[in-house]
Amino acid sequence: MVVLAEPLRFFLVTDTHIFGQALGTSGAAFQKIDAYGSTCYKASGALFDAAAKIMLECPEIDTVLVCGDISSNGEYLSNTEAAKHLEALQNAGKRIVAITATHDYTSDDRFPDRVISSFSYAGETAVPARGTKRTELDGFYQKFGKQQALSVHEASGSYCIRLKDGYRLLCLNDDGNGVNCGYDETCMNWIFENIEAARAAGDFIFAMTHHPVVPPSPLYPMVSKRDMLLDYETVADTFAAWGLTLIFTGHAHIQCIRSKKTPSGRTFYDVGTAALVSYPVPIRKVEIQNGEVHIETLHPETFTMDGETYNTLEYTKTRFDSTIHGAIDGARHDLERLAAILNGLSIGRAGIDAHKRLVRFAGLVADKITVGAVDRLLFLHSGVRDIRKTKVKDLFAACFRGFYAGERFVRENSAEYRFLRALTLRALGLAKMAGFKKAADVDFKESILQILDSVLLPPPLDPNTMTFTLDK
């Protein structure tokens, strides 16, 4: 590891998903996309500005990294507005270094089957709007880092930049064709060449890319494997063998820091940051020096929208919980809404359409039932007196939020943990009785319980404030 007297300091945000206000922010059509789910489209620009204010109040840090999905959904007007927000921050004194990702463009001439629709909203109608071609992204964003690059991989749009004497950053565009997001052979060769060049110059090199390289939890690849970096199982090992052991990622909207011990003997770290457009609106504050990485997480206290000031955490927390509550309401009354929410979690619609009556019944029950009632009905005997009146949907919402926001509140000796573990074991028992053979397998049961723990319990590495030392 190169010994550097001066530390590197920077902020990092990701998944800003800035929505062009000129596309329309009122009426039933817009409410359908904005009112349910954790992504605060209407507030997106205001939330970015609130984060920018926090960063501008810290003059000793002059660099801001932006880790992809800058615009809402590739609308031309959203990219126009997003670029203006970045430019305002840059004009105020911060150096912006950004990459784009799959939400930033709607079509790519290389992959004609990849076409994402863009809309504007008026009243009850969603009207097709101009999208953004991938070839147009440089016109919006290349002034934020790419123009100052030491080296560019033209096919992917990836680039390597010197952030400061002694420090290089690989800005890796992994957006591929929008489905299998990763790096082809030419890009991997280019990455290796830049790592070697940094080593020859005595520079420390690290990376940022959009899609997770190390899974945020064991559950994530099981339900959202297409949202992982392509070949993630081997990329971390390859990078570590080459001496690249630190990467910053986004996309999952999960606040987490993960590590992986690789065959080279080095530990690879993936610092994942939750979306700026959703609870808890996180800003990473990072310092790197002599192989030691220190990470803090900041949050803007308030933001202003339409002339009104809101408490940032309260507003976005309510919106985040609407993912669970809105899904339950959708199951009861509006399967289209349920499908839209589940699609945002990378869960397909086929199961909903195949079991509509069951889904509606489950929604009715889930809306009302309490922890105590479930404990009694299923004979769990899990000791839930303290939380017996809590609605199950509220407990699930809190656990879901805690997992995504890096705010685990469940402990092994808590009533919540006893209840959820007992409920999981009972579900496995019922599955076994129904003829699901895997449910009888001891290893399968243990893996399910390990996944449950990974979602509920505090992870090995603190998702928000953490200091770790990289291997040489």
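Student: How many helices and strands are there in the protein chain?

Tutor: The model shown here is predicted, and its secondary structure can be counted along the protein chain. That count gives 15 helices and 17 strands.

Student: Which radius of gyration would a compact globule with 472 residues have, and what does the protein chain have?

Tutor: A compact globule with 472 residues would have a radius of gyration near 23 Å, and the value for the protein chain agrees with this. The C-alpha atoms, taken along the principal axes, fill a box of roughly 65 × 55 × 45 Å. The radius of gyration of the protein chain itself is 23 Å.

Student: Which residues have the most contacts inside the largest nonpolar core?

Tutor: The largest nonpolar core has 39 residues, and β8, α5, β9, α7, α8 and α13 each supply at least two residues of this core. Ile191, for instance, touches Leu170, Leu172, Tyr183, Phe239 and Trp242, if residues up to four places away in sequence are not counted. The residues with the most contacts inside the core are Leu170, Leu172, Tyr183, Ile191, Phe239 and Phe268.

Student: Which residues are buried in α7?

Tutor: Helix α7 spans residues 232-242, and what covers its buried residues includes β8, α5, α6, β10, β11 and β12. After the helix comes Gly243, whose phi is positive, near 100°. The buried residues in α7 are Tyr232, Val235, Ala236, Asp237, Phe239, Ala240 and Trp242.

Student: Is Ile195 buried or exposed, and what is its relative accessible area?

Tutor: Ile195 has its place in helix α5, where it touches Leu170, Ile205, Trp242 and Leu244, not counting residues up to four places away in sequence. Its C-alpha atom is separated by 9.8 Å from that of Leu169, which lies 26 residues apart from it along the chain. Because buried means under 20% relative accessible area, Ile195 is buried, with a value of 2%.

Student: Which residues is Ser72 in contact with, leaving aside its neighbours within four places in sequence?

Tutor: Ser72 has its place in the loop between β2 and α3, and it is buried, with a relative accessible area of 3%. Leaving aside neighbours within four places in sequence, the residues in contact with Ser72 are His17, Ile18, Phe19, Tyr41, Ser78 and His103.

Student: Where is Asp15 found, and is it buried or exposed?

Tutor: Asp15 is found in the loop between β1 and α1, and it has a positive phi of about 50° although it is not a glycine. Its relative accessible area is 0%, and therefore Asp15 is buried.

Student: What is the relative accessible area of His381?

Tutor: His381 also has a positive phi of about 50° although it is not a glycine, and it is found in the loop between α12 and α13. Because exposed means over 50% relative accessible area, His381 counts as exposed, with a value of 69%.

Student: Which omega does the peptide bond from Tyr279 to Pro280 have?

Tutor: Pro280 has its place in the loop between β12 and β13. The peptide bond that leads from Tyr279 to Pro280 is cis, with omega near 5°.

Key. Residues are numbered from 1 along each chain as its sequence is written. This is a predicted model: local features need pLDDT of at least 70, side-chain atom pairs count only at pLDDT 80 or more; totals for chains, interfaces and linings use all residues. Side-chain values use heavy atoms; hydrogens and water are left out. Helices (H or I, at least four residues) and strands (E, at least two) are DSSP runs, numbered from the N terminus. The radius of gyration is taken over C-alpha atoms; the globule rule is 2.2 Å times the number of residues to the power 0.38. A nonpolar core is a set of buried Ala, Val, Leu, Ile, Met, Phe, Trp, Tyr and Cys residues joined through side-chain atoms within 4.5 Å. Buried means under 20% relative accessible area, exposed over 50%, partly exposed in between (1.4 Å probe, protein chains only). Contact means heavy atoms within 4.5 Å.
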